[in-house]
Amino acid sequence: MARSSASALSTPLSARLPAALLALAAGAFLLWGAGFAGADALHDTAHDARHAMGLPCH
Ligand SMILES: [Zn+2]
């Protein structure tokens, strides 16, 4: 009886994992996919994102 109310308090990991993977894939595409795209605008966007995340650059 107390089980249903306890499970409603926290989101199960199985429900959060797909969202986390999606964010990870989108971030990886933004950083590396856009970096290799060649277009200056895309490259600048990825470059700014890299600096914003504190990753080593130049
Ligand atoms: Zn840089």
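Helices (DSSP runs of H or I, at least four residues) and strands (runs of E, at least two) are numbered from the N terminus. Along the sequence, the pattern reads α-α-α.

This is a predicted model, where local features need pLDDT of at least 70, side-chain atom pairs count only at pLDDT 80 or more, and totals for chains, interfaces and linings use all residues. Residues are numbered from 1 along each chain as its sequence is written, and side-chain values use heavy atoms, with hydrogens and water left out.

**Colour by confidence.** pLDDT is the predictor's confidence in each residue, from 0 to 100. The protein chain has a mean of 76, and 74% of its residues reach 70 or more. Select helix α1 (residues 2–7): confidence is lowest there, at a mean of 57. Where pLDDT is low, the predicted coordinates should not be read in detail. Confidence is highest in α2, at 83.

**Show the surface.** The protein chain exposes about 4,800 Å², and carbon and sulfur atoms supply 70% of that area. Accessible areas come from the Shrake-Rupley method with a 1.4 Å probe; for residues, only the protein chains shown count as cover. Of the 58 residues, 10% are buried. Buried means under 20% relative accessible area, exposed over 50%, and partly exposed in between (1.4 Å probe, protein chains only).

**Select Leu13, Leu17, Leu21 and Leu24.** These leucines make a nonpolar surface patch of about 430 Å². Leu24 lies in helix α2 (residues 13–33). Leu24 is exposed, with a relative accessible area of 62%.

**Move to helix α3 (residues 40–52).** At 1.5 Å a residue, its 13 residues should span 18 Å, and the end C-alpha atoms are 18 Å apart, which agrees. The expected span is 1.5 Å times one less than the number of residues.

Which residues of α3 are buried? Pick Ala46, His47, Ala49 and Arg50. They cover an arc of only 165 degrees around the axis, so they sit on the same side of α3. The arc is that of the directions from the helix axis to the C-beta atoms. Now turn to the face away from the buried side: there are the exposed residues Asp40, Ala41, Asp48 and Ala52.

**Finish past α3.** Gly54 follows α3, and its phi is positive, near 80 degrees. Then select Cys57, in the segment after α3. Cys57 is partly exposed, with a relative accessible area of 39%.

Note on methods
Patch = residues over 30% accessible without salt bridge, like charges linked within 9 Å, V, L, I, M, F, W, Y side chains within 5 Å. Salt bridge = Lys/Arg side-chain N within 4 Å of Asp/Glu carboxyl O.
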